[in-house]
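Work through the exercises below with the structure in view. Each task is followed by its solution.

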Amino acid sequence: MSADVLFCTLLLTFPIVASWAPLMSLRARFTRQRFARVVAILPLSISSLVLCGIATGILGLGTSAVGEEPAQEFLARLRDAGYFDTAIAYLDRTEKMAGINPSFLEAIPLEKAQTFIDAAVSSRSSAERDQQFVSAQTQLKEFLTRTEHPRLSEARLLLGKLQMVRGGQMLAAKKPNTPTEEARKNARDSYMEAAATFDSIVADLLKVLEGMKGQRIDAEKEPEKAAQRSQYQFEFLQAKMRGAEARELAAKTFAKPTEEAKPLMEEALKAFTDLSEKYDDYPQGALAMTARGKLQRDLGKTAEAIDSFQRVMEQVDVDALRGSKMEAAAALIDLWIAANPPRLDDAIRVGQTFVDDSRANESRLQEMQDLKV
């Protein structure tokens, strides 16, 4: 599996639990006790698989079904065991079965899409993987023809991510040769479709969340409404983050992004900046600061990039941000070494501090190796 395809696959299998609720300790002024209370309410995803040794939930779909709907639990077990064909056959038969929860029946296309994605992730054949993703996309579009369903925004979020994966596949299929102009254009179109999907999620959920502000939901008295609000908040922030990423990836389909796609890169930078400034109490906002710094660097905005990377280094030291902070440190060191005159003392200080404070499980990470170099 190529690096690009692996990245796109990880995009579909990124653990949602780590970034579900606001991490109130992302700013130094928040206490770790408050962070612990937030982590305690994080929901669990229903389905998991092992990809490159990482056990993770596939996008956290169906978080409310396990333990409530036997059909859902049985389906999850089939997928976990890798019996994807059997899972699809089971879904085809459930409509004729008695006693199945109507809410599960209404979400069958979504469950089929999830199954096709699981199958694609497990496949070693690029052609088979591509076909599974196409099937998943077809099922998602069928599900999204519904006008009302509590999982519509969830499905659209998955569709957008799938469109990003498809874009990555179109480019990776041509490696090790340079992608053709046709491949670049097709990938770009797929990324921009993803951006449009995420934009629609942001616009719709913004209205919903604004409407919820006046409801004064009490989490203790109305746990279901509180959970729904948290779900919408998560999907809103994920959509903003992915929309910016989709635009950045679309720009990078050009041979010379900074020359041929500068407006698109500026759009992505604006989106990352908005996310990192307005939502820095949330993991998406904190992570967006590193992406913001990288784009500023690529656009030649060196002073702004240094400021962004330094702000990343000042973020609270929690597991969810360690990888991002290591990336920022490595980028900051490169910029200081390239400065005129070189700021070698600053570069050494940042790198040495990170290496000295490294954790046992980080010694073999590529980001840590880059810092050691």
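**Exercise 1.** State the handedness with which helix 8 passes helix 10, then describe their contact by class.

Step 1. The crossing of helix 8 over helix 10 is left-handed (the near helix is turned anticlockwise from the far one by less than a right angle; clockwise would be right-handed). Helices here are DSSP runs of H or I with at least four residues, numbered from the N terminus.

Step 2. By class, this contact of helix 8 with helix 10 holds seven nonpolar, three polar and five charged residues. Ala, Val, Leu, Ile, Met, Phe, Trp, Tyr, Cys and Pro count as nonpolar, Asp, Glu, Lys and Arg as charged, and the others, Gly among them, as polar.

The model is predicted: local features need pLDDT of at least 70, side-chain atom pairs count only at pLDDT 80 or more, and totals for chains, interfaces and linings use all residues. Residues are numbered from 1 along each chain as its sequence is written, and side-chain values use heavy atoms, without hydrogens and water.

**Exercise 2.** Determine how helix 10 and helix 12 are oriented.

Step 1. Helix 12 covers residues 262–278, and its axis comes within 8 Å of that of helix 10, crossing at roughly 155°. Axes are lines fitted to C-alpha atoms, for helices over the stretch in contact, and angles run from 0 to 180 degrees between N-to-C directions.

Step 2. Helix 10 is therefore roughly antiparallel to helix 12 (an angle over 145 degrees).

Step 3. The contact has eleven nonpolar, no polar and six charged residues.

Conventions: Helices (H or I, at least four residues) and strands (E, at least two) are DSSP runs, numbered from the N terminus. Angles under 35 degrees count as roughly parallel, over 145 as roughly antiparallel, 65 to 115 as roughly perpendicular and the rest as oblique.
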